[in-house]
Amino acid sequence: MANKLIGEMGLHNKISNIFAARNIITAKDALTMTEFELMELLDVGIKEIKSAIKLISEATSPPYQSARSLLEEKVENEHLSGHLPTHLKGLDATLCGGIPFGVLTELVGPPGIGKSQFCMKLALSASFPVAYGGLDGRVIYIDVESKFSSRRVIEMGLKSFPEVFHLKGMAQEMAGRILVLRPTSLANFTESIQELKDSILQNQVKLLVIDSMTALLSGENKPGAQRQNQLGWHISFLKSLAEFSRIPIVVTNQVRSQNRDETSQYSFQAKPKDGLQEHTKTYDSHLVAALGINWAHAVTIRLVLEAKSGQRIIKVAKSPMSPPLAFPFHITSAGISLLSDEGTELKGPGINTIHARGHSDVINFLGECS
Amino acid sequence: MEAWRLPVSSSIRGKLISAGYTSLSSISSVSSSDLARDVNITEEEAFEIMKLANQASGSNSCNGSRSLINGAKNAWDMLHEEDSLPRITTSCSDLDNILGGGISCRDVTEIGGVPGIGKTQIGIQLSVNVQIPREFGGLGGKAIYIDTEGSFMVERALQIAEACVEDMKEYTGYMHKHFKANQVEMKPKDILENIIYFRVCSYTEQIALVNHLDKFISENKDVKVVIIDSITFHFRQDFDDLAQRTRVLSEMALKFMKLAKKFSLAVVLLNQVTTKYTQGTFQLALALGDSWSHSCTNRVILYWNGDERYAYIDKSPSLPSASASYTVTSRGLRNSSSSSKRVKMM
């Protein structure tokens, strides 16, 4: 829409030529300048500028629909009204069906907690036929740190969906739908996803997993501001990719320790005396998600995986449609499974904190399957 | 007033001044054909200039009518107008109280906070509450929801709409017992029907849409609230020239104010946060920079205070700085202190 040509908008020829003469060809060029700037540049009166901008704006404005028709479209056209089930009952219930289509979902947690396991299980379930709760489509798995293991995926499939997987040739077909990409650099990754944009719909890609976003960006040796810009571009691109193709995009993120300089206070919040400073910092003193606050704004759903006193917990830290619930989970040979479908509600900003102590690194292969 | 202040193109201005027409009175004293000949422009252009000059000088002379200056209103009349202005409730009476009754129509209010604090929730709540019928103390209007980041989840809007209809039914039940009152006829799907949703994918579309809203709202006069969620997103990522960004944002803020005043509707802008290094420490501040903070009339900051969500009036021409707590429940925004489910209606 931004690149719509002014020449094709039905403006009066005279003014259209004036715009073109000054190299203002697309709507973006025209609208990035203020009306006075345009008046100066084009040597045309303010009235004509205003009416030209009015026409250009009308032509460039996005279309609208009522919220009701949005809902009806989702219910009619999309699988389970636009959700990918995670097969974790409590989590699916909280997320109104599963990982939503068209938005970014983030999984953040300390190393070894189970983010990649979760992603592999999701990739598998997306490849399944609709009858078994899948999306019957291909999955693009961007594996930056070489954590994807086909053996593990097939094992998860055999243990959690035995009736499907023991059918002849099913394992091969399902695994064949998961396409794994191992980009060697950020530029490589950027190229791949740009290529992807055009072919997503034709190739029946139903899920994109990026594991992990942090690793991609941390490999770059650029100073702070430039890095933010790069991330900003990727954020916009991924969001529009998700929305345009109506697929879920799942991204994993790592954690980092919080700098002492960091704060979560505004200027109007009274600072307590130094002795009490420690008390107010309790929420901030552990690990935080990497990639910054801009990224935190951009993701729609944030699932925090953490370990507290030996128990692994998955928390719905940010979700426009769910209360802040935490579910205990463990990892078995069948993948992740919840120990309880009744989540505990966590009030306050504690839902965002990430603990990393005390979880056992051994995955319990002999444990109960989900 | 000087001729160089007239809003005409620079070449015409240059011609006027070099022909000797430096003040408005000199322009008004000749006929348009004389002007055209003298300055070497066409008759139509001369006519335009005469019209503009007359408008500009007319506002300075005493008309002998009630107002000294065209378009000015006296403060007493304004007070009466403001008192009779309807306000949109946030469904949280504590929050309504510090806002002077709710989000005021005719004003631009900016609401900002950290991710997950409830900005989109407030946006959705307001787009439902604006539709509360007049019999229940609402505005009975429609809402425009401009989504720049895809954070509008229609399932959540449905949840909030259903809760609103239930609350209205409860209120009607109470009213029926004591007074004769109308039955609630609104259904949740009707509420969703009245939320006009735009999805904006770039800052160009955002600017285009803001420009186009004037025409759109003239054709849809019952729109009473315009919510932009969030105003920051596209301007943070794609703009390289920060000075240009500031100019474009200021122009956009002015357009919003014009819209709010012209159609008597509320404009709610949701903003993100960033960290700023001031007074020796890092602090949180709303995004888009210092110049932007001057642009909005009212500013509310949402933040965490211990375990509770709070809203703080950071900037307002008439309300004192105050904080109030609120919660986000499955039914929408509510008071945090009271455990009662009923929404207080005016």
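Of the 346 residues in chain B, 53% are buried. The model described here is predicted.

**Chain B overall**
- Chain B contains 13 helices and 13 strands.
- Among the contacts in chain B with a separation of 6 or more, 63% join residues 24 or more positions apart.

**A negative surface patch**
- Helix α4 of chain B (residues 43-58) gives the patch its largest share, three residues.
- E48(A) sits in helix α4 of chain A, which covers residues 46-60.
- E48(A) has a relative accessible area of 39%, so it counts as partly exposed, the class between 20% and 50%.

- Strand β12 of chain B, residues 323-329, includes S325(B).
- S325(B) is classed as buried because its relative accessibility is 10%, and buried means under 20%.
- Apart from neighbours within four places in sequence, S325(B) is in contact with C92(B), D94(B), E308(B), R309(B), Y310(B) and S336(B).
- F256(B) is 69 residues from S325(B) in sequence, and their C-alpha atoms are 28 Å apart in space.

Key
Residues numbered from 1 in each chain as written. Chains lettered and ligands numbered in written order. Predicted model: local features only at pLDDT ≥ 70, side-chain atom pairs only at ≥ 80, totals over all residues. Heavy atoms only, no water. Helix = DSSP H or I, 4+ residues; strand = E, 2+ residues; numbered from the N terminus. Buried < 20%, exposed > 50% of the residue type's maximum accessible area, 1.4 Å probe, protein only. Contact = heavy atoms within 4.5 Å.
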